[in-house]
Amino acid sequence: MTRHTDVVVVGGGQAGLAAGYHLRRQGLDFVVLDADPAPGGSWQYMWDSLRLFSPAEHSSLPGRLMPAQPGGTCPGAGHVVAYLSDYEKRYGLPVQHGTRVDAVRRDGGGLVTETDDGTWRARAVISTTGTWSRPFVPAVPGRGLFTGRQLHTVNYRCPADFAGPGDLPAGDRRSVIVVGGGNSGAQIAADLALDGNAEVTWVTRRPPRFLPDDIDGRALFDVATARRRALEQGDGDTGGVASLGDIVAVPPVRAARDAGRLSAKPMFARLTATGARWADGSHIRADAIVWCTGFRPALAHLAPLGLRGPRGHIATDGTRALGEPRLHLLGYGDWTGPASATLIGVGRPARDAARDIARLLGD
Ligand code: FAD
């Protein structure tokens, strides 16, 4: 059976909800198709101790302020899941959970979206599938030889998963190598180091760049906004958030760093069966390696449109795909709008995408 609507939104995380909010304001008919059985997008799967890098009031989607989390300024992932669930209900957004989109194809004047629960025909599609389902691990010599456990940020939950049996002496404790110089690497290394049950070695490709302690996600958003304005006014690129540093010193990261438990080693040269070896010949035994090495955009469902460009991205003007004006992309990263992959930053590109689609459909 084929169903019809103006716009299909693929993905019901924060970007999909922000798109829904603005499509509603434009008076368009739409549906949000989300593979997950429950609301919350990827926040449902993040590790137990994760803290947002901004206070709640600076982590809001359009229309509704995120309430403060009792007892803390930077909320945890569970608080975000509760906020997104409430947001979906509050605005009565038509989200069909548990529906996976397999393909989007051109068909006459519209786009056909094929799912595991039938087909939708629409005049435009907004893709908001995020990156969580495409964890990236770099090709490192010897990776296949390592006999210990290898996991990615997406599989990490808590330090208890790495605790050895009982109170082991320091030399016998589990040894975990955490790879990655971004926020995930720093937070997970800090989580393990503060817990103290495992020996932690934090490895980064270049020396970690902490933001000044008094800077949090608010400043990052200000920088992204200044960059967007400068680009819009033709004043040149002022540099994105990366110009400030890579790691927000959220309280646990600061605590581990100040206790001297968060110093990074340079990247190892190769993995061995039992651990990692550096270029100078030194070797560290490891029971597990946690790859906090980022993500790629989840765009397989768009393959039939033949739009894939360099680095797996799709070329866009703002959020609109250059090769297909009926397709918009939202979230993913700065290439779909400054700070588009953050809670507070996705509102503006979502508004622009909805306006653009309303214009297109009105023509
Ligand atoms: P997601 O949340 O991943 O949602 C995508 C949705 O699409 C999912 O529900 C999924 O089921 C669905 N989907 C995927 N493929 C399909 C398909 N084929 N068919 C149907 N549905 C599909 N941002 C902040 O603002 N503050 C922070 O402090 C912060 N901390 C972060 C910490 C970490 C460790 C990470 C990874 C990110 C953090 N971010 C933070 C960034 C950002 O807010 C998240 O990446 C955000 O979850 C992206 O939202 P999204 O809606 O684009 O994607």
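Mentor: Start with a definition. A polar contact is a pair of N or O atoms within 3.5 Å. Keep in mind that this model is predicted.

Trainee: Which atoms of A15 and S42 lie by an oxygen atom of the ligand?

Mentor: For A15, a backbone N or O atom lies 3.0 Å from a ligand oxygen. For S42, an N or O atom in the side chain is 2.9 Å from a ligand oxygen.

Trainee: How much of the ligand does the protein cover?

Mentor: On its own, the ligand has 990 Å² of accessible area, and the protein covers 89% of that.

Trainee: Which elements give two or more residues to the shell around the ligand?

Mentor: They are α1 (14-25) and β3 (30-34). In total, 30 residues surround the ligand. The closest are D34, D36, F53, V101 and A341.

Trainee: How does that shell divide by class?

Mentor: The shell has 14 nonpolar, 13 polar and three charged residues. D34 and D36 are Asp, and Asp counts as charged.

Trainee: Now the cavities. How many of 30 Å³ or more are found in the whole structure?

Mentor: The search finds one. The largest cavity holds about 50 Å³ of space.

Trainee: Why is it called a cavity and not a pocket?

Mentor: In a cavity, a 1.4 Å probe fits but cannot get out, whereas a pocket is open.

Trainee: Which residues line the largest cavity?

Mentor: W47, S49, Q187, A190, D191, P252 and V253. Four are nonpolar, two polar and one charged. Both α3 (183-195) and α5 (251-258) supply at least two lining residues. α3 gives the most, with three.

Trainee: How many aromatic pairs does the structure hold?

Mentor: It holds 11. One of them joins W47 and Y156.

Trainee: Why is the pair of W47 and Y156 called edge-to-face?

Mentor: Check two values. The centres are 6.4 Å apart, and the limit is 6.5 Å, so the rings pair. The planes are 65 degrees apart, which is over 60, so the pair is edge-to-face.

Trainee: Where in the chain do W47 and Y156 sit?

Mentor: W47 is in the loop between β3 and α2 (77-90). Y156 is in the loop between β9 (149-152) and β10 (174-179). They are 109 residues apart, and the pair links distant parts of the chain.

Conventions. Residues are numbered from 1 along each chain as its sequence is written. This is a predicted model: local features need pLDDT of at least 70, side-chain atom pairs count only at pLDDT 80 or more; totals for chains, interfaces and linings use all residues. Side-chain values use heavy atoms; hydrogens and water are left out. A residue is near a molecule or strand if one of its heavy atoms lies within 4 Å of it. A polar contact is a pair of N or O atoms within 3.5 Å; within protein, one must be able to donate a hydrogen and the other to accept it, and residues adjacent in sequence count only if both atoms are side-chain atoms. Accessible areas come from the Shrake-Rupley method with a 1.4 Å probe; for residues, only the protein chains shown count as cover. Helices (H or I, at least four residues) and strands (E, at least two) are DSSP runs, numbered from the N terminus. On a 1 Å grid over the protein atoms alone, a cavity is a set of points where a 1.4 Å probe fits but cannot get out, and a pocket is an open set with protein on both sides within 12 Å along at least five of seven lines; lining residues have an atom within 4 Å of a point. Grid points are joined across faces, edges and corners, and a volume is the space filled by probe spheres set on the points. Rings of Phe, Tyr and Trp (its six-membered ring) pair if their centres lie within 6.5 Å; planes under 30 degrees apart count as stacked, over 60 as edge-to-face and the rest as tilted.
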